[in-house]
Amino acid sequence: MIRQIIGSIFLLGGMFVMSVSVLGLYRFKYTLNRMHTSALADTLGTAFVIIGLMLIGLNLFHILKMFLVIVFFWLTSPVSSHLIAKAEILTNLNLEERMKEK
């Protein structure tokens, strides 16, 4: 009973983080800000959802597979975010103008 309640809290927390991240994707105009919100959804939101599923799950083999999915996301998301940021910095000619305070 307690596992289902804690798992549900993790699931709701993950859905909240992902919803806020989607809102940030539509609201922000600058690519690096959008990249930050998508990386947040990718790491924190997915981790919360999968941890909630791990707590609710009963089969040890499925729980271990979900743990490996979390490890995979936590290893690949920073690399992809870094590559997107580097591509934006290298290809945006007006980057310094956009970063100045108004």
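Helix 3 has 32 residues and runs 47 Å from its first C-alpha to its last, close to the 46 Å expected at 1.5 Å a residue. Keep in mind that this is a predicted model.

**Helix 3 on its own**

- At the start of helix 3, look at Asn59: one of its side-chain oxygens comes within 3.2 Å of the backbone nitrogen of Phe61.
- Several residues of helix 3 are buried, namely Ile63, Met66, Ile70, Ser77, Ser81, Ala85 and Glu88.
- For reading that list, remember that an α-helix has 3.6 residues a turn, so residues three or four places apart point the same way.

**Helix 2 against helix 3**

- On the helix 2 side, the contact is made by Thr31, Leu32, Met35, Ala39, Asp42, Thr43, Thr46, Ala47, Ile50, Ile51, Leu53 and Met54.
- Helix 3 answers with Ile63, Met66, Phe67, Val69, Ile70, Phe73, Trp74, Ser77, Ser81, Ile84, Ala85 and Glu88.
- Sort the residues of this contact by type and you get 17 nonpolar, five polar and two charged.

**Ser77, a polar residue in the contact**

- Ser77 sits in helix 3 and is one of the residues that helix 3 brings to the contact with helix 2.
- Its relative accessibility is 2%, so Ser77 counts as buried, given that the cut-off is under 20%.

**Thr37, elsewhere on helix 2**

- Thr37 belongs to helix 2.
- With 7% relative accessibility, Thr37 is counted as buried too.
- Setting aside neighbours within four places in sequence, the contacts of Thr37 are Ser21, Gly24, Leu25 and Phe28.

**Lys29, out in the loop**

- Lys29 lies in the loop that links helix 1 (2-27) and helix 2 (31-56).
- Its relative accessibility is 71%, which means Lys29 counts as exposed, the cut-off being over 50%.
- From Lys29 to Leu75 is 46 residues in sequence and 27 Å in space, taken C-alpha to C-alpha.

How values were computed: Residues are numbered from 1 along each chain as its sequence is written. This is a predicted model: local features need pLDDT of at least 70, side-chain atom pairs count only at pLDDT 80 or more; totals for chains, interfaces and linings use all residues. Side-chain values use heavy atoms; hydrogens and water are left out. Helices (H or I, at least four residues) and strands (E, at least two) are DSSP runs, numbered from the N terminus. Buried means under 20% relative accessible area, exposed over 50%, partly exposed in between (1.4 Å probe, protein chains only). Contact means heavy atoms within 4.5 Å. Ala, Val, Leu, Ile, Met, Phe, Trp, Tyr, Cys and Pro count as nonpolar, Asp, Glu, Lys and Arg as charged, and the others, Gly among them, as polar. The expected span of a helix is 1.5 Å times one less than its number of residues. A polar contact is a pair of N or O atoms within 3.5 Å; within protein, one must be able to donate a hydrogen and the other to accept it, and residues adjacent in sequence count only if both atoms are side-chain atoms.
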